[in-house]
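Open the model in your viewer and keep the selection tool ready. We will go stop by stop.

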Amino acid sequence: MKLRFLGGTGTVTGSRYLLSDDNHRLLVDCGMYQGVKTLRKRNWAPFPVEPSTINAVVLTHAHIDHSGYLPALVRNGFKGKIFCTKATHELCKVLLPDAGFLQEEDAKYAFRKKFSKHEHPEPLFTEKDAWEALKHFESLHYHETFEPVKGMEVMFTPAGHILGSSCVHVTHKPSQRTVVFSGDVGRQNDVIMRPPEPIATADLLICESTYGDRAHAESDPEEDLARIITKTAGRGGIVLIPAFAVGRAQMLLYLILKIMGEKRIPKLPVFLNSPMAIKATEIFCKHHKEHKLSAAECQMMDDQTHFVRTVEESIELDSARYPCVIISASGMASGGRVLHHLKTLLPNPRNSVVFAGFQAPGTRGDALVNGADSVKIHGEYWPVKAEIYNMETLSAHGDYNEILAWLEQGALKPERVYVTHGEMVASDVMRKRIAERFGWEVEVPELFDEVGV
Ligand SMILES: [Zn+2]
């Protein structure tokens, strides 16, 4: 069996790994590139392997940087099945059509504003393509073994990153070699997700390294949120939290309502302004056995949140001038309704903007947490006067300490480890740390490298 790195190298987006033997090709993750333009341009290059020659796809989790290219893959000729956990399937039903819709909107916008090189800019894929791709999905339980292609046995184990997220274990039956893809690995002590399950065995391990060179601050997120919200509300301001619709939005909602219930912050309205995050919250609550929150805690979220569904409600909320908390997508402020709120709230020093997770280089989120004094939104520059906070401690990714601790929990003796899903420096630091701690052979692959399994 061979493994080829078709993405997710030198960057945290575009995860795509191809396993192949003489007869079959299995793709693990089919992500879209996000962030700086040179990366995004890769989405438009022909897929490195003819899609019709791929027999099946297996997904680690629903985030777009792991699943977002699927509609294009299907449109370009992929005919096989797409396997994932049940919750990942449900989340993809929300995320992929939305991604298609956004692609169409972007193409229309580029056409109207004439800033495309093409006379008629086309979307990468449409909402209809996304629904077409969803017809290929088949979902399974954790720990259930199945053969997506003949001779390759696959199993999902919980990765603790978001609802439905998993590590993907692939055993090549003829050679009895096992490759494990970590996917995105969650925290050892997350607020809402249970810790990732240790990996029992692997000949080859593909390990993420988003925080390969950084440790999360030790601070208490409840304390931090209480301080920021109380201070901002005290000066009559609004707290805006750009949050990843799936995962962090639910955690933030829970934390804020919890500290409000404990009277650690003033009683103020909490808005969730993202149709996708609202749907993700419903799915999250439906699967309450797969995370730490109880049915009662989920009910509390449902009862006490102001869900902003329609565009009209969103526009109305944008004119709010009283203290409140607005959670809105997207998490790196690269698109979505949060942009309208940023335009309104950034120029006023009374307000606060709180980022809650990894900000990929090149995104507005990255510029803001690094102290930009203005940001470009919808073609215009907006001054940054609001207070900007970066609570990386709320990230859904384990830092290097947590990943090392997780690796140690298993009885692993891999022959080789490939470090992926990180910026170049982060991956390289992670490589050294794993090698020093365990004495394993560790490499950082480059795009399109192929290795024997
Ligand atoms: Zn993820």
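The tour starts at a metal site and then moves to the nonpolar cores.

This is a predicted model, in which local features need pLDDT of at least 70, side-chain atom pairs count only at pLDDT 80 or more, and totals for chains, interfaces and linings use all residues. Residues are numbered from 1 along each chain as its sequence is written, and side-chain values use heavy atoms, with hydrogens and water left out.

**Stop 1: the zinc ion**

Select the zinc ion. Which residues coordinate the zinc ion? They are His61 (NE2), His63 (ND1), His161 (NE2) and Asp184 (OD), at 2.2 to 2.3 Å. Donors here are N, O and S atoms within 2.8 Å of the metal (3.2 Å for Na, K and Ca); water is not among the atoms, so sites may look incomplete. Along the chain, the donors are spaced H-x1-H-x97-H-x22-D.

Now colour His61 and His63. His61 is buried, at 0% relative accessible area. His63 is buried too, at 14%. Buried means under 20% relative accessible area, with a 1.4 Å probe and protein chains only.

**Stop 2: the largest nonpolar core**

Select Leu73, Ile256 and Ile327. These have the most contacts inside the largest nonpolar core, which has 81 residues. Such a core is a set of buried Ala, Val, Leu, Ile, Met, Phe, Trp, Tyr and Cys residues joined through side-chain atoms within 4.5 Å.

Zoom in on Leu73. Leaving aside neighbours within four places in sequence, its contacts (heavy atoms within 4.5 Å) include Leu27, Phe47 and Phe78.

**Stop 3: another core**

Key. Buried < 20%, exposed > 50% of the residue type's maximum accessible area, 1.4 Å probe, protein only.
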